Amino acid sequence: MYWRIPVTLKLRAPWVVAGSKAAGAALDVELARNDRGQFVLPATLIKGNLRDACDQLVEEGQMAPDTRDVLFGTESGTRRKSSPTDPRIVANEPERGALVFGELVCEAAPENPRARTQRVQIEPEFGAAREGHLLFIECPFPFNAEVAFKGNVLFCPAERLSVTDAANALKMSLGRLFAIGGMKSIGFGRVIGQDVASPEPISAATVAAPATRLRVRYVIDRPFVVDARHHNSNLMIGSETVPGGAIKAVLARGFAMVGVEAGEFISALQIGHATPAGKRALPLSLSVSDGRLFCNLDGAPRDGHHKFALDWKSEEPDVREALGEGWEAPDITRTGSTRTAIDTETLSAAYEPGEDGGEGAGKLFSQVAVVPGETCWEGVISAPNAGGLFEQALGMLKTGLPGLGKTGAVIEAKSWESDAAPSGAALDTLDLCLTSDACLFPPYEAMRQPLDALYLHYFKDLGFELQNWFALQVLKGGYLALRYPARAGSYTPWVLTLAGSVFRLKPGNDADVDGILHNGLPPASGLAREDWETFPFLRENGFGQVALNIVDHAALSQGVRI
């Protein structure tokens, strides 16, 4: 399926690769560590240095440009596979490289965890220390000590390039590294050795699927960034929920790696969003008043000041505890990292000068990743039918597939069990709660009609009478609105109804209750396109998932002490 290439890089202490945490007392630079406290060389640092080394090899004629591009990928706007018909759409997609880099980890214990070294800038005029330019740097190993960093680089089979070619390219590029990290010009981070071991093949497991609908528990091997929201122009914050589409993308690449054409199967396969420890969104009909928890879906007036989820400050843990088993939420840790593009000529941070002497712009980007730790992510997979491709997909997930999100994390299906969808055909009233976001009306209609009318019309088309609802909406614009335009030739942000939105419905004779409980709410009529390439919010990609009577609305209408 793919190959694991063990890599060792040996440095002569000291080195400077700053971590994401604030340095402690009397310390200006704390070295990068993983969540287990081990010193690391980040994956992006290794990839960037090796990519730069490959650029030098290409300039010298010792490596073909295509080999470099296949191994490391190409940036947005430089796709090699086809000429884009619409530059806003196709050219905005990067082309992923065949190599997936992980951290290189120092397994040795520091000889002196409290040691540090100093750097000072000298004032050239007086020959004395410049004021405010004394730097204290963590230095856990003595000067000139040999420190080995070990890890793996994964090679995903690619056209015109064998694993032997990839291993040889790694050896050549590693051989060009003389130093790594900061302060290289004064001797920090000197590379004194490297080793690329024989590639190890990773094959998909052979499994039998107990059913066509499974609840799967995933583990993820490193911090990951998926479904990131832009906090500002150069800061991305990853979501703790892994979208079904992200898992599908990893599976699609897995099938491509083994040379199996599975496009139709992947499109029909329904993969739900995966949440940490099965964390569920709280129904938006809940409110807190005077130390009691209420559900307001019955529409009855209530005395007192009621705070809904939008107004909660610290109430959520108490609300989850009051709801009982199945509503727990794990503590999620996040880690930040900052990286910058490097100018291959100056080997310094890339910088684009401004026009007419104006201020220029750098290529500095920060991202906040979710640290998985020991937490499992849970989600549902539903196949159109049992058979070889479904079991092959499960086998690949059981082994673990690389390429999840911006960090290329490996996602692995740790376990699964049959998951039968509930039946609501015999119920007179349904309380449906969205467990994932859904696109329930066209964005251009949201500009013309009130929300109440939009939801009434949507559920009427499905054969339901809408009696009450609590919902929140969010705009999805930017890349998604350009890549998947709601209207040809125009920019219109999509409008999604958020997970936790609750609808009280009375089903009519033609309402497909069990179909909705099994597959989720469909996109609004007129929005459903042929596949994920034209519409991103499909049920098959995890959107529109619902739960029936997710809480005891009747009991909560009387109030529960929290």
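**Close-ups of a predicted model**

**View 1. A hairpin built from E17 and E18.** Strands E17 and E18 make a hairpin with two residues between them, and in the turn aspartate 290 has a positive phi of about 55°. Strands here are DSSP runs of E, at least two residues long, numbered from the N terminus. E17 (residues 286–289) and E18 (residues 292–295) run antiparallel, joined by four bridges; to count as paired, two strands need at least two bridges found by DSSP. Serine 287 sits opposite phenylalanine 294 in E18. This is a predicted model, where local features need pLDDT of at least 70, side-chain atom pairs count only at pLDDT 80 or more, and totals for chains, interfaces and linings use all residues. Residues are numbered from 1 along each chain as its sequence is written, and side-chain values use heavy atoms, leaving out hydrogens and water.

**View 2. E17 and its other partner, E19.** E17 also pairs with E19 (residues 307–308), antiparallel over two bridges. Valine 288 has lysine 307 as its bridge partner there. Both faces of E17 are covered: Leu286 and Val288 are buried on one side, Ser287 and Ser289 on the other (buried means under 20% relative accessible area, with a 1.4 Å probe and protein chains only).

**View 3. An open sheet of four strands.** The order is E13-E14-E23-E20, with mixed pairing. E13 (229–232) and E20 (333–340) are at the edges with a single partner strand each, so one side of each has no neighbour in the sheet. Three bridges join E13 to E14 (residues 235–237), and these two run antiparallel. Arginine 229 has isoleucine 237 in E14 as its bridge partner.

Terms used. Buried means under 20% relative accessible area, exposed over 50%, partly exposed in between (1.4 Å probe, protein chains only).
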